[in-house]
Amino acid sequence: MKLLITGICGFVGSTLARSLVKDHPGVELLGLDNFIRPGSETNRAELKALGVHLFHGDLRNPSDLEVIPPADFVIDAAANPSVLAGVDGRTSSRQLVEHNLLGTINLLEYCKRHRAGFILLSTSRVYSIPPLANLAIETHAHAFRPSSDASLLPAGLTSDGVSETFATTAPVSLYGSTKLASEALAVEYGETFQFPVFINRCGVLAGAGQFGRADQGIFAYWINRYLRGLPLNYIGFDGQGHQVRDCLHPRDLVPLLRQQIDSTRPLNATDRIINVSGGARSAHSLCQLSAWCSDRFGPREVTSDPKPRPFDIPWMVLDSAKAARLWNWQPATPAQVVLEEIAVHAEAHPEWLELSASF
């Protein structure tokens, strides 16, 4: 079995590669990366030492894919993964679309040409922003949660999380729309040209070695900055850090990916799209994360800035019941283990924020 992982030197791609090499020695790995993200170079030497055949290329350029040998499956972990991408001044809207959508199209053409299967790592941010931003919430244990009155909740959302039936109508952010369009094209390509396609909508991915950006790796960002004594703010909403996200270690995706790669059972287009996350058990508010950091590193002040940010929402937890039903999948790494892993890495790498992100 030969697999191509795009974005392989990023946090998610490199974590998947290490886990596959460790637990599935019969798999041959090819990897593609453009190395534009700060910190991605740190993974190159280790992956080469593990026997991964690395290619330096840009998914926006079809010719960069021409030199890559045929693979049996492509795992697409390459994207600009920030909900603020295209509007934050760091990347343009055109760059965002070219990276996330045009890159997917070029990969799908690769799959068509080589009869390869395709797995897209998508995002929870494909779900419609207005019903999430205006969600009826209550505060419990220093965290928001959906109202206990189920009649106030939008369709597709319960206390267990947002299901795949939740609305995906615009606006979902420029980032979310590129991923949603990529999903639709991937399914269409698979149906038209008869190759397997799977869409895994991921919650917040987190773990040691994640690049510390507030808009992409909030758990790693918060723990690293807390440890270093750098300024931290509770932004938006009530200014108390009650907004909530779930978390998932990317290595927990590997058993699911292997099942999807090995599967021969027919699935309809709807069942090819699933949520994968740590779920409600992994969910933390920023306030709760600060409390964890205080216990781990000692107390410090976090300031309040109630001014809202674009596209922010008070509560996002994905319901992965469909993944459990179809694939018998569930996350294996408890949130406390994920947080401790990040903390140990932060203690061992005092330069990590400077290396992986500007702040």
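**Second largest pocket**

I began with the second largest pocket and noted that α1 gives the most to its lining, with five residues. I keep in mind throughout that this is a predicted model. The elements that give two or more residues to the lining of this pocket are α1, residues 11-23, and α11, residues 335-348. I then listed the lining, which comes to 16 residues, and found that R18, N43, A208, G209 and H345 lie nearest the centre of the pocket. Sorted by class, the lining holds nine polar, four charged and three nonpolar residues. For the space in the second largest pocket I wrote down about 320 Å³.

**Helices α7 and α11**

The crossing of α7 past α11 is right-handed. On the α7 side the contact is made by F219, A220, I223, N224, L227 and R228, and on the α11 side by L339, I342, A343, A346 and E347.

**Helices α4 and α6**

Next I took helix α4, residues 93-114, with helix α6, residues 173-193, which pack at an angle of about 15° with their axes 10 Å apart. With angles under 35 degrees counted as roughly parallel, α4 and α6 are therefore roughly parallel to each other. I also noted that the crossing of α4 and α6 is right-handed. From α4 the residues in contact include L96, V97, L101, I105 and L108, while those from α6 include L174, Y175, L185, Y189 and F193. Among the others I wrote down E109 and K112 of α4, and K179 of α6. The contact of α4 with α6 divides into 12 nonpolar, five polar and three charged residues.

**Backbone entries**

Which peptide bond is cis, with omega near 5°? I found that the bond runs from A170 to P171, and I placed P171 in the loop between β9, residues 161-162, and α6. My last entry is A141, which has a positive phi of about 55° although it is not a glycine. A141 sits in the loop between β6, residues 137-140, and β7, residues 143-146.

Notes. Residues numbered from 1 in each chain as written. Predicted model: local features only at pLDDT ≥ 70, side-chain atom pairs only at ≥ 80, totals over all residues. Heavy atoms only, no water. 1 Å grid on protein atoms, 1.4 Å probe; cavity = no way out; pocket = protein on both sides within 12 Å on 5 of 7 lines; lining within 4 Å. Points joined across faces, edges and corners; volume = space filled by probe spheres on them. Helix = DSSP H or I, 4+ residues; strand = E, 2+ residues; numbered from the N terminus. Nonpolar A, V, L, I, M, F, W, Y, C, P; charged D, E, K, R; others polar. Axes fitted to C-alpha atoms, helices over the stretch in contact; angles between N-to-C directions. Parallel < 35°, antiparallel > 145°, perpendicular 65-115°, else oblique. Left-handed = near helix turned anticlockwise from the far one by under 90°. Contact = heavy atoms within 4.5 Å.
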